[in-house]
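Have the sequence and the 3D view open as you read.

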Amino acid sequence: MPGLRREEVATLAGVSTDYYTRLERHPSPQILDAVARALRLDDEAVAHLYRVAGPAARRTRPATGSRTRSSPGSPTPTTCCA
């Protein structure tokens, strides 16, 4: 399945590609939440994103609001972190 390039994810998350690349190595909950919002991940996909990120990226507080995979007229996001 085709996915987004690192540069595309960085742009959607509102960070530079260089910064996103560094964050892949040392993710923070704030950045993971920004990436999840940018990709419009549902709760199950967000949970997977956090599992892949490891214990250092655990949330200290629950995320607010429910996430939906897509809204009418928006591009369909791809699977993250497979």
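In which hand of crossing, left-handed or right-handed, does α3 pass α4? The crossing of α3 past α4 is right-handed; a crossing counts as left-handed if the near helix is turned anticlockwise from the far one by less than a right angle, and right-handed if clockwise.

## Ground rules

This is a predicted model, where local features need pLDDT of at least 70, side-chain atom pairs count only at pLDDT 80 or more, and totals for chains, interfaces and linings use all residues. Residues are numbered from 1 along each chain as its sequence is written, and side-chain values use heavy atoms, with hydrogens and water left out. Helices (H or I, at least four residues) are DSSP runs, numbered from the N terminus.

## α3 against α4

α3 and α4 pack at about 140°, with their axes 10 Å apart. (Axes are lines fitted to C-alpha atoms over the stretch in contact, and angles run from 0 to 180 degrees between N-to-C directions.) That makes α3 oblique to α4: angles under 35 degrees count as roughly parallel, over 145 as roughly antiparallel, 65 to 115 as roughly perpendicular and the rest as oblique.

On the α3 side, Pro29, Leu32, Asp33 and Ala36 meet Val46, Leu49, Tyr50 and Ala53 of α4, contact meaning heavy atoms within 4.5 Å. By class, seven of these residues are nonpolar, none polar and one charged.

## α3 against α1

Helix α1 (residues 6-13) packs on α3 (residues 29-38) at about 100°, with the axes 8 Å apart. The two are therefore roughly perpendicular. Val9, Leu12 and Ala13 from α1 meet Ala34, Val35 and Ala38 from α3, and the residues of this contact are six nonpolar, no polar and no charged.

## How buried is α3?

Eight of the ten α3 residues are buried (under 20% relative accessible area; exposed is over 50%, partly exposed in between, with a 1.4 Å probe and protein chains only), so the helix is largely enclosed by the rest of the structure. Asp33 is one of those buried residues. The buried set packs against α1, α2 (17-25) and α4 (43-53).

Arg40 sits in the loop between α3 and α4. Arg40 has a positive phi of about 55° although it isn't a glycine, and Arg40 is partly exposed at 34% relative accessible area.

Technical notes:
Ala, Val, Leu, Ile, Met, Phe, Trp, Tyr, Cys and Pro count as nonpolar, Asp, Glu, Lys and Arg as charged, and the others, Gly among them, as polar.
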